[in-house]
Amino acid sequence: MTGEQVYVSHAPNDLSLVQDLFSTVKNFPFGVHIALEEVESGRSRKRLEGRLANSDVVVAVLTKSAVENTWINQEIGYAVAKGIPVLPLRDEGITHRGFVSDVEGVTIDRSNLSFTIFNLLCRLRSELAPLGALSVPNWYIRFPCTVPDCGHPVTLELEQGQTKLWKLHSHGKLLSASCEVCESTYYFHPGTIGFVRREDGPDRQSPSRSRS
């Protein structure tokens, strides 16, 4: 699972919500292209066709602001015409006529975005999974150790399925990955794969704690 591309179609008013929902998803080793971020970086909305054409899945964020948005409707239609799967990410109570009206999607729970992110990851793992009923997609995130003067690559392997990850969350458990050089350990939320804290190795005195 590397090199896949996810395109996120959304209304301009929903950019902040989309960034919150995809903040940890973007840590995985596949491309996540959020439409308005691409536009703000200098790419015109029309030139996003290349991003769409090369996507493995299109996530359509459907909110009240998005229902009548021309660009979202065009991007959904383009994806369907190219045979690219469209995953609706809907606000509760929002329906969308047309190509995705009968497509099962993910409901946005604005009071519990962690659960929404978990369900989004469930669907993305399913859409981007390699063929084969026996395989569980081996997802991972890789990052440099943040301990001063270290910087060695640290990898969090996600060999568990989504059901097991949610059970870990329900029991207050965290995922962990350690630096092989300085032995610092990093802890992550099993539902969202968000960073929770770092505990420094035995040669370091005080742990660094942060939350995202």
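Throughout this briefing, buried means under 20% relative accessible area, exposed means over 50%, and partly exposed covers what lies in between (1.4 Å probe, protein chains only). This is a predicted model, in which local features need pLDDT of at least 70 and side-chain atom pairs count only at pLDDT 80 or more, while totals for chains, interfaces and linings use all residues. Residues are numbered from 1 along each chain as its sequence is written, and side-chain values use heavy atoms, with hydrogens and water left out.

**Overall picture**

- The protein chain has 6 helices and 10 strands; helices (H or I, at least four residues) and strands (E, at least two) are DSSP runs, numbered from the N terminus.
- Of its 212 residues, 44% count as buried.
- Among contacts (heavy atoms within 4.5 Å) between residues at least 6 apart in sequence, 52% join residues at least 24 apart.

**Aromatic rings and the charges over them**

- The structure holds 10 aromatic pairs. Here rings of Phe, Tyr and Trp (its six-membered ring) pair if their centres lie within 6.5 Å, and planes under 30 degrees apart count as stacked, over 60 as edge-to-face and the rest as tilted.
- Phe 28 and Trp 139 make an edge-to-face pair, with 4.9 Å centre to centre and 65° between the planes. This pair links distant parts of the chain, 111 residues apart: Phe 28 is in the loop between helix 1 (15-22) and strand 2 (31-34), and Trp 139 is in strand 6 (residues 139-144).
- Both Phe 28 and Trp 139 are buried.
- Trp 139 also has the charged end of Arg 125 over its ring, 5.5 Å from the centre. For a charge to sit over a ring, NZ of Lys or CZ of Arg must be within 6 Å of the ring centre and within 35 degrees of the ring normal.
- Tyr 187 has the charged end of Arg 197 over its ring, 4.4 Å from the centre.
- One aromatic cluster is formed by Phe 143, Tyr 186, Phe 188 and Phe 195.

**Helix 4 and its surroundings**

- Helix 4 (residues 70-81) has 12 residues and reaches 17 Å from its first C-alpha to its last, close to the 16 Å expected at 1.5 Å a residue. The expected span is 1.5 Å times one less than the number of residues.
- Ile 72, Glu 75, Ile 76, Gly 77 and Ala 79 are buried in helix 4. The buried residues of this helix pack against strand 1 (5-9), helix 3 (49-53), strand 3 (57-62) and strand 4 (86-91).
- Glu 75 has a relative accessible area of 3% and is therefore buried. Its side chain makes a polar contact with the side chain of Ser 9 (2.5 Å).
- A polar contact is a pair of N or O atoms within 3.5 Å; within protein, one must be able to donate a hydrogen and the other to accept it, and residues adjacent in sequence count only if both atoms are side-chain atoms.
- Asn 69 caps the N-terminal end of helix 4, with a side-chain oxygen 3.0 Å from the backbone nitrogen of Trp 71.
- Just after helix 4, Gly 83 takes a positive phi of about 75°.

- In helix 1, the buried residues are Leu 15, Leu 17, Val 18, Leu 21 and Phe 22. Seen down the helix axis, they fall within an arc of 160°, so they line one face of helix 1; the arc is that of the directions from the helix axis to the C-beta atoms.
- Helix 5 (residues 113-127) has 15 residues, which should span 21 Å at 1.5 Å a residue, and this agrees with its end C-alpha atoms being 21 Å apart.
- Among the buried residues of helix 5 are Phe 118, Leu 121 and Arg 125.

**Loops worth a look**

- Most residues other than glycine have a negative phi.
- Asp 149, in the loop between strand 6 and strand 7 (153-158), has a positive phi near 70°. Its relative accessible area is 83%, so Asp 149 is exposed.
- Val 147 is in the loop between strand 6 and strand 7. With a relative accessible area of 3%, Val 147 is buried.
- The C-alpha atoms of Val 147 and Arg 198 are separated by 9.2 Å, with the two residues 51 apart along the chain.
- Glu 183 lies in the loop between strand 8 (175-178) and strand 9 (185-188) and has a positive phi of about 65°, although it is not a glycine. At 49% relative accessibility, Glu 183 counts as partly exposed.
- Glu 180 is found in the loop between strand 8 and strand 9, and at 73% relative accessibility it counts as exposed.
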